[in-house]
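Have the chain open in a viewer that can colour by secondary structure.

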Amino acid sequence: MNILVTGGLGFIGSHTVVSLYERGHQAVIIDDYSNASKEVLEKLETLIQSKIPFIEGNVTDSKLVENIFKNHQIDGVLHFAAFKAVGESVEKPIMYYENNLNATLTVAKLALEHKVKKFVFSSSCTVYGDQPSPFHEEMDLLPATNPYGATKQMSEQILKDISFAHPEFKVTLLRYFNPIGAHDSGLIGESPLGVPNNLMPYILDVALGKRPHLNVYGSDYPTLDGSGVRDYIHVMDLAEAHVAALEKSLKPVNIYNVGTGQGSSVLEVVKAFETMNDVKIPLNITARRPGDIAVSFADPAKIKNELGYQTKRDLNQMVKDAWNFAKRSNHA
Ligand SMILES: NC(=O)c1ccc[n+]([C@@H]2O[C@H](COP(=O)([O-])OP(=O)(O)OC[C@H]3O[C@@H](n4cnc5c(N)ncnc54)[C@H](O)[C@@H]3O)[C@@H](O)[C@H]2O)c1
């Protein structure tokens, strides 16, 4: 299949492009570089040993996106392009609603018009809100606690409504848990522009000596060691879920959690990183961060039962691959 990958130079999109080519598919990428660097395309092409059609631009630009569908035979869309920083979304709600919702609307509308039948959307476990884990797909969604989460809930609804009206337009909503790690070549990984919001890029900055310590938000959660618990998934496992969704999702609307089903605390991730990589991560234990929940992990049974998909890589592999990428790209 020839797949349009929006936001394909970002963290998850770039790894998914590799998975697509590994399975004999091809990609056309559009990205506006709002959170990606120019070298990623070159590295991707080195990895897959082939040129990848790339369009620099914003997916909210209908004319530009329309031309992509006119100029390429597109069989499916993987829609990653979005802003994703929860804190920033609280400060700049218009920017988040404008970008994330217009992106979903524009790409879905044009995909439908050009008779594309498969559309996979990057959703998030944040849509479940603060309720007890494990999260499963049939749970009611609680109102979002921030604009970013609201854009994910609204985009899910928009896509469900489109598929209801046009059942030939098959939509898969993948609710990601917490992707970390990198491709084992060390060529691509997670390198957000600006101050990292997520745990692993922050750990990497500390390990590289760019920041003095890791802030751990909260030591009094009702968890084994008091720090927050999340379901970390290797980004290549997450990438492979997209290919499974494209190849095997059958219903008009398919909703799947993509996680390992196992929670790890912040302190456990730090410990695994230190042990596997022989690097010390100084900690600064501080107060809870507003909006964070204590525990979040997936019930991954549905995607396993329906698509035969299962994660393969463990936490040790995630922290090892993350560090390998950081060292390579920072010449540490
Ligand atoms: N990383 C996570 O922890 C996580 C968890 C759940 C869901 N998601 C979702 O997965 C998707 C990908 O996340 P990621 O971690 O790879 O983020 P990322 O920021 O690394 O990748 C997103 C890419 O989209 C591009 N982009 C953003 N808006 C665009 C626009 N309007 N037009 C063209 N390009 C645009 C950015 O330049 C970037 O390369 C996002 O939708 C995100 O909300 C991520």
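K271 is found in helix α9, residues 266–277. Helices (H or I, at least four residues) and strands (E, at least two) are DSSP runs, numbered from the N terminus. With a relative accessible area of 54%, K271 is exposed. Here exposed means over 50% relative accessible area, buried under 20%, and partly exposed in between, using a 1.4 Å probe and protein chains only. K271 and V319 are 48 residues apart along the chain, and their C-alpha atoms are separated by 9.9 Å.

Some notes on the source come next. The model is predicted, so local features need pLDDT of at least 70 and side-chain atom pairs count only at pLDDT 80 or more, while totals for chains, interfaces and linings use all residues. Residues are numbered from 1 along each chain as its sequence is written, and side-chain values use heavy atoms, with hydrogens and water left out.

Turn now to helix α3, residues 62–71, where V65, E66, I68 and F69 are buried. These residues cover an arc of only 155° around the axis, which puts them on the same side of α3. The arc is taken from the directions that run from the helix axis to the C-beta atoms. K63, K70 and N71 are exposed on the other side of α3. What do the buried residues of α3 pack against? Their partners are β1 (2–6), β2 (26–31), β3 (54–56), β4 and α5 (93–113), where contact means heavy atoms within 4.5 Å.

Strand β4, residues 76–79, leads on to β5: four bridges join the two, and they run parallel. Two strands pair if DSSP finds at least two bridges between them. β5 covers residues 118–124, and six of its seven residues are buried. Seven bridges join β5 to β6 (residues 170–176), and these strands also run parallel. V120 in β5 can be followed both ways: L78 stands opposite V120, and V120 stands opposite T172 in β6. In a regular strand the side chains alternate between the two faces of the sheet. β5, helix α6 (residues 147–165) and β6 make a right-handed β-α-β unit. Right-handed means that, with the strands pointing away from the viewer, the path from the first strand over the helix to the second runs clockwise.

The last topic is charge. Side chains of opposite charge can pair when their charged atoms come close. A salt bridge is counted when a side-chain nitrogen of Lys or Arg lies within 4 Å of a carboxyl oxygen of Asp or Glu. How many salt bridges does this rule give? The count comes to 16.

One of them joins E240 and K312, with the closest N and O atoms 3.4 Å apart. E240 lies in helix α8 (residues 235–248) and K312 in the loop between α10 (301–307) and α11 (315–330), so the pair ties together parts that are 72 residues apart in sequence. E240 is buried at 18% relative accessibility, whereas K312 is exposed at 63%. D237, E240, K312 and R313 are linked in a network of salt bridges.

E306 and K251 form another salt bridge, at 3.1 Å from N to O. Because E306 is in helix α10 and K251 is in the loop between α8 and β11 (253–258), this pair connects parts that are 55 residues apart in sequence. Both ends are partly exposed: E306 has a relative accessible area of 39%, and K251 has 35%.
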